[in-house]
Amino acid sequence: MFFGAIHLGGVPWNFLFWSPFIGIACAFVAWPLLGLARWKAPLRVPWYLRAVLIGFAVAGLAYFCGPEVLGGGIYTIQGLLQDSTPEWKSLAGRFFASIFCGWSGYSGGMLAPSLTLGALVGALGAKIFAIASMKLMILIGMAGLDRKS
């Protein structure tokens with residue numbers, strides 16, 4: 001994945017203080033995400049019905065949380081790195097869409113959705129704590145919430 005040239009500028013001093021908190025927040029997102037995505041419920045539902053139900057669930061998330069919950073999340077990360085404003089509903093929608101796709105048994109992978117969730121956690125952390133370098137916090141969030149967290 002290539003996100004273009006990322007210009008961070010100067011690294012602020014409070015980066016050292018807030019970075020561990022972003023990492024801890026990523027751990028709190030990664031633990032239930034990966035645990036629930038790997039959990040296979042003993043549903044005795046035919047595969048085609050499971051696909052339809054999960055498809056409707058993800059479509060509902062996209063309707064209420066926005067289209068950024070769909071796909072791998074590369075465009076969401078690029079938008080965050082180009083100074084778009086993060087939203088809580090994007091984080092919640094991406095989280096549950098990743099879980100639902102994992103439950104379907106036909107998930108395309110967890111790396112890109114995990115990176116996207118980490119980018120959203122970093123961006124929201126930078127927004128909440130008024131950290132000057134949002135791009136740096138996005139990159140820390142992406143590193144903190146990789147698929148092996």
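## Terms and model

Buried means under 20% relative accessible area, exposed means over 50%, and partly exposed lies in between (1.4 Å probe, protein chains only). This is a predicted model: local features need pLDDT of at least 70, side-chain atom pairs count only at pLDDT 80 or more, and totals for chains, interfaces and linings use all residues. Residues are numbered from 1 along each chain as its sequence is written, and side-chain values use heavy atoms, leaving out hydrogens and water.

## The chain as a whole

The chain has 6 helices and 0 strands. Helices (H or I, at least four residues) and strands (E, at least two) are DSSP runs, numbered from the N terminus. Along the sequence the pattern reads α-α-α-α-α-α.

Of the 149 residues, 41% are buried. A contact means heavy atoms within 4.5 Å. Take the contacts between residues at least 6 apart in sequence: 80% of them join residues at least 24 apart.

## Helix α4

Helix α4 covers residues 88-104. Its 17 residues reach 25 Å from first C-alpha to last, close to the 24 Å expected at 1.5 Å a residue. The expected span is 1.5 Å times one less than the number of residues. Its buried residues include Ser90, Leu91, Gly93, Arg94 and Phe95. Glycine 105 follows α4, and its phi is positive, near 85°.

## Aromatic pairs

The structure holds 2 aromatic pairs. Rings of Phe, Tyr and Trp (its six-membered ring) pair if their centres lie within 6.5 Å; planes under 30 degrees apart count as stacked, over 60 as edge-to-face and the rest as tilted. Tyrosine 63 and phenylalanine 64 pair edge-to-face, at 5.0 Å centre to centre and 85° between the planes. Tyrosine 63 is exposed, with 68% relative accessibility. Phenylalanine 64 is exposed too, at 65%.

Phenylalanine 95 and phenylalanine 96 also pair edge-to-face, at 5.2 Å centre to centre and 85° between the planes. Phenylalanine 95 counts as buried because its relative accessibility is 15%. Phenylalanine 96 has 39%, so it counts as partly exposed.

## A buried threonine

Threonine 116 sits in helix α5 (residues 111-128). Is threonine 116 buried or exposed? It counts as buried, at 1% relative accessibility. Leaving aside residues up to four places away in sequence, threonine 116 touches Gly72, Gly73, Ile74, Thr76, Ile77 and Arg94.

## A partly exposed leucine

Leucine 49 lies in helix α2 (residues 47-65). Leucine 49 is partly exposed, with a relative accessible area of 39%.
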